[in-house]
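We will go from sulfur to sulfur.

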Amino acid sequence: MAKLLCGVALLPLLICILVTAPCVTNATITCGEVTALLTPCIPFGVFGGTVPPDCCKGIKGLNAAQNATAEDRRIACSCIQEGAAMIPGINYDRINTLGDVCGSPCPYKVYPSTDCSKVN
């Protein structure tokens, strides 16, 4: 219960940080959009269980948006990496299954050690 309250309490901070993060002018996706699409996935990333339908909708939307350019994929990767690092109890192995679970595989895996600048 404490993890849930902590995660929920940090959610507005995470959204504010990602929405105000600088964006690259060539890219068509922003950290704010990534955050909005993936916020429904946070409970699954922390607690597991059933993946919410809105999470899968967000995963599919993100994959469609980031397929535009390699720069979009790099920005999305960095936003996910930075956002996940701020969520207490996040399970990276679990969040990296979401693309497959939702039927929309991600072209990269996000861990604290992932070098998003090398995502193509």
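Select Cys106 first. Its sulfur lies 7.7 Å from the closest cysteine sulfur, in Cys77, which is too far for a bond. A disulfide here is a pair of cysteine sulfur atoms within 2.5 Å. Cys106 is partly exposed, at 29% relative accessible area. The classes run as follows: buried is under 20% relative accessible area, exposed is over 50%, and partly exposed is in between (1.4 Å probe, protein chains only).

This is a predicted model, where local features need pLDDT of at least 70, side-chain atom pairs count only at pLDDT 80 or more, and totals for chains, interfaces and linings use all residues. Residues are numbered from 1 along each chain as its sequence is written, and side-chain values use heavy atoms, without hydrogens and water.

Next, select Cys77. What is its partner? Cys77 is joined to Cys116, S to S 2.0 Å. The S-S torsion is about -65 degrees, so this disulfide is left-handed. Cys77 sits in helix α5 (residues 70-85) and Cys116 in the segment after α7, 39 residues apart. Helices are DSSP runs (H or I, at least four residues), numbered from the N terminus. Cys77 is buried at 0%, and Cys116 is buried at 4%.

Move to Cys56. A disulfide joins Cys56 to Cys102, S to S 2.1 Å. Cys56 belongs to helix α4, and Cys102 to the segment after α7 (98-101). Both are buried.

Now pick Cys41 and Cys55. Their sulfurs are 2.0 Å apart, in a disulfide. This link is right-handed, with 105 degrees about the S-S bond.

Finally, display every disulfide: the count is 4.

Methods: Helix = DSSP H or I, 4+ residues; strand = E, 2+ residues; numbered from the N terminus.
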